[in-house]
Structure formats: C-alpha cells, structure tokens
Amino acid sequence: MPLPRQAPDMSVFEEMTPEYTLAVSQSSSGYTPQTSSSTLVNLIRTGDYAVAESLRKEMVDIKIPIQPHAIYERAARAVLQTKGPKNRGEAFSAWLSLVPTAIEQWSSFKDIRQQLFRGSNYLNISLIMRFGLIMASKGYIASDAQSQVLSTLARYASPATTERYILQLETVADGLSKTGHVEVTPEQWASIYSLVIRNQVLAGRGEYGLQLARVAATRERQVTDFTFRFLLEHSPDEAFTASIQELRGQISSNPCSIPDVWDKRTCSHTDTLALASQLRYLRRAIISTNPPTSYSLSDFMNAYHATGRTRALLALRKKAFQHSHKAKSLWVMAEMLYHRSRNEPQLVLVVFAYHFHMIGVPRRTILKTMRLISKRRARLSQRTSLPKHMLNRQYDISEKLWPTPYHTALVWEALVWSTPESDHERMYKYLLAIADSSTSQKPISPPDSKFAPSLLQFPKRTVDAAHFSPFIKVYAKRGRPERAAAVLRDMVNFGLSPGVVQWSIVARGFAEYGDPAVAVSIIERLEEDGGSQAQAGASSDRADRAPSILDIGLYTNVLRGFVLARNLERAQDIEGKIRQRFQYVEGDLRATDDALHLLRNLERQMAS
C-alpha cells in the first residue's frame, strides 16, 4: 500500500499544553509508597518533617499502626533542633517511641545524645528524662547512653527527681522482664545505683547519696564496694561513717575486694626541668592518677608557644581528650588560664562555651558575647596573634563536660571585664540567685521559665569566693568602694569568708576614692583578727610564723591608694606600719618598692 503523499492534517489533534507535560512527569516519577508507614518513612527521608508530623498525628487519630523504623530517630533529633514549639517534649517522645527495640536493631543514639548533651546551650532535664525512659522501654537499660542520662540527672537534678527516675526505670525494667524482652541482672542494678550515688557525692550531696544507698537496701539492690569507699572518703562526721559501714556490710557487692588505703603517688617537681623534660613528664602525668596542675600546664603552653612550635601541644591535647573526662577538664582549664594570662577574656568564653554545659553562668550573656566575637573573629585573630593550635578547629567531643567552680569563676571574671558596666548589676543579681539556689538546693527559676527548666538544680558549692572577686575589683577600681563592701557582705551572708586579697581591694578602693578612715579601720580589724588567731594557736608552731606576703600586699595596696588620692599624711602612716610591722628593707618586694617610690615623688611634689 503506498504511503500518503500529503502531510497529515494536525487539526484533528489537541495542542501540546503544560498539562500533558505535567502528566508525563508525574507518571514517570520514582517509587510511590504503598502504605501510610512507607509514606511516613519517605517523608522523613526527604526531610519534610512538618508534613511527616501531620501524617503521624492523623495515623494516631484513626488508629493506623506505624511500623518501627530506625529513621524515626532522625525525626526525633529534628524536633530537638527546632526552637519554640510548646509541645516539643511530646513530639520528641512520639517519634523516639517508634524506633525498633535493642533486640530488633541496636542503636547508640549518637545524634540524639550529641544534640541533648553537646548541641544545646542548656540542659533540659525534662527532655533528658524522656529520652532515658524511652530508651529503657526499648531495652537500653544498662547502656552507655543510659549511664549518661543517670550521671546528668544525679549531677543537675534534684535528689527527689533522680530517685523518682530510678523508680520509673525499675518499673519499665519489670515490664520488660515479664514480657521476656530484657532481664536486668543484679550486677547491672548495682552499677546503676552506684553511679548515681557517686555523682550525688560529687555534686556535694553526700547525705542524699547515703539516702539513696538506704533506698537500694530497701529494694534489695547492691552497691559496689568502690562506691562505699568513695562515700567514706567524703564522710563529714563519725555518724555518717558509721551509717556507711552498716550499709556496706548489708549490700556491698564485694566488701573485701579492694583495701581502704589509697596509694597516692607524689608529683614530680618540674619547675627546674628543661622544656623537653617537662614535655616528657606531662605526657605521662596528664593521664596518671596524680596529674599536673592546670597552672603548670598553662605555663608550659606559654613557654612552648614562645618557641614557635605547636605540634606537642596538639599531641598533649589529643592525649588528654582521649583519656578521660577529668583529663579533658584539666586541659580546658589550662587553656582558659592561658587566654587569661594573655588578657583575652573573650577567648576564655569561647573555650568554655565549646567544652562545657553552661551551668552556673549567665548563658544568654555568653551567647550574646559569642555572637559579637563571631562577627569580628578574623580581625581579632590577626590583632592578637593567637597561637595556631587555638585558631584551628577545636578537638571534637561527643558530649559537653560538667564545669567545676574553678571554670565558672574564670568565666565570671572574663564576663565582668568584657561587658559594659551597665550589665554588671544584672549579672551580679544572677550570681546571687545562683548562690542562693546552690545553698538552699532549690531551683533557680519558676516552673514556667523556658530558659532554665525548674527541674534543673545546681550542685552544692557551685559558687565560691572567687566568683565575687571580679565584682569587688571592678567596683573598687571604678570609684564605688561602698558597692564593693556590699559584695563582701553578700559573701558573708552565703557563708563565704573573704580573703585578704579581697579585703585589700576594698581597702584600697576606700583609700583612693572613698572615706580614708574606712580603709584604716579595715586594716585595724584585720590586724585584730590576725592577733586573735595567733593567740588561739600559740601552742602550735604556726604562732611563730612571720607575716605572710599577702599581709604586706594589703598594706602596699592601701599605701598606693592613699598616694593616688594625694593623701600624704595617711600614706606616710601606712609606710611607718610597713617598716615597723614587717621590718621592711627596700629591695625585698618590687610592688612595695614601686609604691614607696610613688610616695617619694608625692612628697617632692607637695614640698615644692
């Protein structure tokens, strides 16, 4: 049959419109889920969490079963990363409860743990408890993740909250045992109770640690002998020791495993060693049971950086961070002291915020300062010539550390000297609130606070005298000695004893800016206190000690204040006391010599 010679008439066909193109593209798309559960998994895989949340709620409402899948762990983490929703806890629990059990598919929950304990700027105790209980319902009762939850609760939640959590944990474990899914052994329960007790003691709550040991006895749980020896090391009195020994005989897992005598090695003296010898010593000591001080590490950082090298510092940091949390904390403290010695308060905050939970510090003020630093980081690094190992990306850590009062005191000092004076009163009120919460063992904020959940409770001894020193110094230095004296009164109200250095700062403030009679009365009062202490200890060798350098520093500080205030008569009186009380000879102390030199110059100016 011959082909037609004319072209076909196209008028009988419809024109090609975008509707045809759209239909073809939809029909040629990839895999289309066949079930609601498959659709839910596909939405999470593509990152469409809002639609996935709506679909999950609809499936729950119409009672469509959702098949467990490991990808729901990703959705739970997305909830943690979302800021603002009021029902975040319920949504987090709903998604996490959909992951498979430990028997079906084991998980380390690395991403969620990193977000809870590393990625967040504050500890949300409520979310941490939800996470722990859901993990337990999936069979993760004696896991590393559960230990992390228990340690954090024992440290930063109230004892009642921690005890209630353990009771809930036992209820979940009983339910799993009845269904034959997971059986928690007595040794595992002993480890759980022992871990919580030790962390209660480390938080300054030894009495609650003993109470939890009694609870373990009533529930027929054992406690490791190491934990009992730990309690004995921190026993405040004989009655406490007797109670521990009684419980030790009842529920200790192995009362004769290790002797009570602790073998402590002495530290090697490194001040006179060469730099290479110090490096060899630090490599061993930083992971030993008797590590070096953070000040010696900081001095080594300065000395080694002066040589222009950084490789050994990076190796030491890696060794410390791979060994233990204690070694990490020691190293980070040294880094903070290093920046403090270089007068870099902003970098003290950077190091702290990267490595530690923001507990016992003004979190929002630090974050505000961090944002300002990030805007001028390049200019800052060029201007201050920072060492290479401090500019590189910090050593990656899986979870943030628990700060000690030594770390937080440095943070408060850095904040005082790097923030405007208008912020100081607000920060000081927050410090008083922290001190009151730590002393009374009550939450710092009302239950409806979203910045510090009501379940968060500071350990005892969160605040010490060093936290108040920056405020005393800044008030006295800027002509407000009365306000500095009020800080001393607040310290005494919290049971903290001001040191001689703090008294000398206040006395100099009055000598330079305030009532000079108050400065003299402070010196006389301290002299009386020193005399009464000497009489009380007259039978001991300490009664014959020579006055300390700090005492001379007190008089030197006040002398300098009177000289700067051009109060010649009182300055000469203080000079006479220095020479008479200490038999001072010029050349012994540089600071005192400088103050006396200023006095001589003032005398010549007043005579002319």
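At what angle do helix H12 and helix H13 pack, and how far apart are their axes? Before the answer, a word on the model: it is predicted, so local features need pLDDT of at least 70 and side-chain atom pairs count only at pLDDT 80 or more, while totals for chains, interfaces and linings use all residues. Residues are numbered from 1 along each chain as its sequence is written, and side-chain values use heavy atoms, with hydrogens and water left out.

Now to the helices, which are DSSP runs of H or I with at least four residues, numbered from the N terminus. H12 (residues 225-233) and H13 (residues 238-251) pack at about 175°, their axes 10 Å apart. The two are therefore roughly antiparallel, a label for angles over 145 degrees. On the H12 side, the contact (heavy atoms within 4.5 Å) includes Phe 228, Leu 231 and Leu 232, and on the H13 side it includes Phe 240, Ile 244 and Ile 251. By class, this contact has 7 nonpolar, 2 polar and 3 charged residues.

Further along, look at H17 (residues 325-341) and H18 (residues 345-355), whose axes come within 8 Å and cross at roughly 165°. That makes H17 roughly antiparallel to H18. Val 332, Glu 335, Met 336, His 339 and Arg 340 of H17 meet Leu 347, Val 348, Val 351, Phe 352 and His 355 of H18. Here the classes are 6 nonpolar, 2 polar and 2 charged residues.

The structure holds 1 cavity of 30 Å³ or more, a cavity being a set of points on a 1 Å grid where a 1.4 Å probe fits but cannot get out. The largest cavity has a volume of about 40 Å³.

Terms used: Axes are lines fitted to C-alpha atoms, for helices over the stretch in contact, and angles run from 0 to 180 degrees between N-to-C directions. Angles under 35 degrees count as roughly parallel, over 145 as roughly antiparallel, 65 to 115 as roughly perpendicular and the rest as oblique. Ala, Val, Leu, Ile, Met, Phe, Trp, Tyr, Cys and Pro count as nonpolar, Asp, Glu, Lys and Arg as charged, and the others, Gly among them, as polar. On a 1 Å grid over the protein atoms alone, a cavity is a set of points where a 1.4 Å probe fits but cannot get out, and a pocket is an open set with protein on both sides within 12 Å along at least five of seven lines; lining residues have an atom within 4 Å of a point. Grid points are joined across faces, edges and corners, and a volume is the space filled by probe spheres set on the points.
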